[in-house]
Amino acid sequence: MTVILYGRPPAVFDPPVQAIQTSPLIPGSTALEEVAPGSSDLAVIYAPPGALERRAVLALALRALKPGGRIDAMALKDKGGSRLKKELESFGLTVMDEPKAHHRRCRATVDGPATGLHDAIEAGALRQVHETGLWSRPGVFAWDRIDAGTLMLAVLLPPMKGAGADLGCGLGVLSEAVLTSSAVTALTGIDLDRRAVEAARLNVADPRATFDWADARTLTASGDLDFVVMNPPFHDGGQEDRRLGQAFVRKAAEMLKKGGVLWMVANRHLPYEAELNEAFRRVRVVAEAQGYKAFEATK
């Protein structure tokens, strides 16, 4: 039996041990878009919170199922779970719905051709956003706008030189700002989201830049970079987790050579000063505005 799995459902839902992982947030996973239509017997989906993203994921999973295949989808009640049954029904399914562990769980069998899959998939697909001119897609952080903190840091950045990294690069906005300096020799953008990496490769057309799909927190650091720039994430699974940004600070310090510099922006309320002062020789607040603060930290 061929089983595809999207995301990491809580253990209470007994997620399958042997399954093809398809989440874009788990490096090394198979892209759900590339799963052959009609090839799977069961799709277990921990549905994402965004409506366009969630409908596209459900549609891709249904497209991947064989006739008679089953979908088992769940989401937190306040993160799309309350709409999950109606969304599956809109594809022509008869859905069993039950509450469980603050989630809604919906199960259905594909008895005939599902309807509306193409439109839902297209609505969640990679496209060039008119308002920003950037390639992006629903589900990526700030997918249809330029994040205010990222823009703030992009404007503040001095000309960089040497080799560096953009941790949590997203769509590549900071990378593009860094590469305006001709003294930059190489830049590696790293993001946990495969979709962001794919978009960044389209948005940043500079041979000095490469983009990798990886978890920045687990990278092997050689300690030889001249600079790091970042707007670190602080949400995991839709919940605020300040440890994410703190881990990014520590990893940036590991990646930099002595005298290397970190330029970072964060929401003003997030407590990164302790990590910065512990990991870096000199730290200064460059600017505070619109709820954000920007730091320069020297190793």
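View 1. Arg217 is partly exposed at 33% relative accessible area. Here buried means under 20% relative accessible area, exposed over 50%, and partly exposed in between (1.4 Å probe, protein chains only). Asp215 is buried, with 18% relative accessibility. The two side chains, Arg217 and Asp215, form a salt bridge at 2.9 Å, N to O. A salt bridge is a side-chain nitrogen of Lys or Arg within 4 Å of a carboxyl oxygen of Asp or Glu. The model is predicted: local features need pLDDT of at least 70, side-chain atom pairs count only at pLDDT 80 or more, and totals for chains, interfaces and linings use all residues. Residues are numbered from 1 along each chain as its sequence is written, and side-chain values use heavy atoms, with hydrogens and water left out.

**View 2. The Arg195 and Glu53 salt bridge.** The closest N and O atoms of Arg195 and Glu53 are 2.9 Å apart. This pair links distant parts of the chain, 142 residues apart: Arg195 lies in helix H6 (residues 194-203), Glu53 in helix H1 (residues 51-64). Helices (H or I, at least four residues) and strands (E, at least two) are DSSP runs, numbered from the N terminus. Arg195 is buried at 4% relative accessible area. Glu53 is buried too, at 11%.

**View 3. The Lys293 and Glu273 salt bridge.** Lys293 pairs with Glu273, with 2.9 Å between the closest N and O atoms. Strand E17 (residues 292-298) carries Lys293, and helix H8 (residues 273-279) carries Glu273; the two are 20 residues apart. Lys293 is buried at 6% relative accessibility. Glu273 is partly exposed at 31%.

**View 4. A salt-bridge network.** Salt bridges link Glu33, Arg137, Arg194 and Glu198 in a network. The whole structure holds 19 salt bridges.

**View 5. The largest nonpolar core.** This core has 29 residues. A nonpolar core is a set of buried Ala, Val, Leu, Ile, Met, Phe, Trp, Tyr and Cys residues joined through side-chain atoms within 4.5 Å. Ile45, Leu58, Leu62, Ile71, Leu88 and Leu93 touch the most other members. Elements giving two or more residues include strand E3 (40-46), strand E4 (65-76) and helix H2 (81-89). H1 gives the largest share, seven residues.

**View 6. Leu62 and its contacts.** Beyond its neighbours within four places in sequence, Leu62 is in contact with Ile71, Leu88, Phe91, Leu93, Val110 and Leu117. Contact means heavy atoms within 4.5 Å. A second, separate core of 25 residues includes Ala154, Val184, Val197 and Ala200.
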